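Please look through the sequence and the model below before reading my remarks, which are set out as numbered points.

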Amino acid sequence: MTYNLLKGKKGIIFGALDNKSIAWKIAAKAHEEGAVFTLSNTPVALRFGEINELAEQCNALVIPADATSVKDLENVFIKSMEVLGGKVDFVLHSIGMSMNVRKQRDYDDLDYDYFQKTIDISALSFHKMLQVAKKLDAITEWGSVLALSYIAAQRTLVGYNDMADAKAILESIARSFGYIYGREKHIRINTISQSPTRTTAGSGIKGIDGLLDFTDRMSPLGNATADECADFSIVLFSDLSKKVTMQNIYHDGGFSSMAMSQKAMTQYNKSLDDPDNL
Ligand SMILES: NC(=O)c1ccc[n+]([C@@H]2O[C@H](COP(=O)([O-])OP(=O)(O)OC[C@H]3O[C@@H](n4cnc5c(N)ncnc54)[C@H](O)[C@@H]3O)[C@@H](O)[C@H]2O)c1
């Protein structure tokens, strides 16, 4: 079912790699809901990912950019305004990467060059995006900017590693810039804290299968899927959420408010019957 919620709206979507990506689902939904937009990802992702297929499906131009480069980001905003015919109404930051996670470095044995890269790619890129867009006056009044986060920003989670620190910074940037953008331009900035989701980035988390099972058992509504995240993102890009800003909104089936559920307790108790677990 489509509602034309984004009819007449223009946007930029960063971070669609393949058809599992959360950004891919959001782009497909935004297209269905009447938006026009450009897509951006790194040159490497453009070579190895499947973004051209999405671009064709959505009739969108792909603009390569490393989101850690201010110059690349300027180019994305300038080119997007050119091809879309004016300022954009929405921007999606769906970018995350940690070499420490990829190389399975433990949190008490981090490589600091990797750590800086994690922060630069997964958090500072959001600041750079917002600063570039502001200097170029690239976002329309009452526009909406969204970034994707994870509950490891608030709660410690084995295996999420330095990405937890990056997400905490990301959410803080949304609040700090949300104040400035709100005050000066009536533009809202929020983060969605999404359930664990089986994507390329998600699969990098150590023990993702057990995590997905655990969070599903813990969440009264079950894990939120990437498609459901796309639905929610469309609402946040639409005019139906005009006064929501500077929020980190949990989209997780209720997980963030739970401490123990019947389903998780049952499974936990079963594991106690196994003498190897004692
Ligand atoms: N999958 C999950 O479990 C989950 C849960 C909560 C939040 N998130 C967040 O959702 C967002 C999207 O991740 P996803 O799960 O769809 O995985 P994904 O791997 O499909 O997307 C990550 C994207 O980041 C891009 N990227 C990496 N380095 C970049 C750089 N330097 N410049 C520009 N782009 C770069 C990748 O090319 C890729 O498109 C991330 O911020 C992630 O942390 C994911």
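1. Residues are counted from 1 along each chain as its sequence is written. This is a predicted model, in which local features need pLDDT of at least 70 and side-chain atom pairs count only at pLDDT 80 or more, while totals for chains, interfaces and linings use all residues.

2. Ala35 lies in the loop that runs between helix H1 (22-32) and strand E2 (36-41); helices (H or I, at least four residues) and strands (E, at least two) are DSSP runs, numbered from the N terminus. Ala35 counts as buried because 27 other C-beta atoms lie within 10 Å, the terms being buried at 20 or more such atoms within 10 Å, exposed at 12 or fewer and partly exposed in between, with C-beta atoms placed from the backbone.

3. Although Ala35 and Lys9 are 26 residues apart in sequence, their C-alpha atoms are 5.0 Å apart in space.

4. The largest nonpolar core has 69 residues, a core being a set of buried Ala, Val, Leu, Ile, Met, Phe, Trp, Tyr and Cys residues joined through C-beta atoms within 7 Å. Helix H7 (residues 163-185) gives the most to this core, with 8 residues, and Phe37 is among the residues with the most contacts inside it.

5. Around the ligand there are 26 residues, and the closest include Ser21 and Gly96, where a residue is near if its C-beta atom, placed from the backbone, lies within 6 Å. H1 and strand E5 (139-149) each supply at least two residues of this shell.
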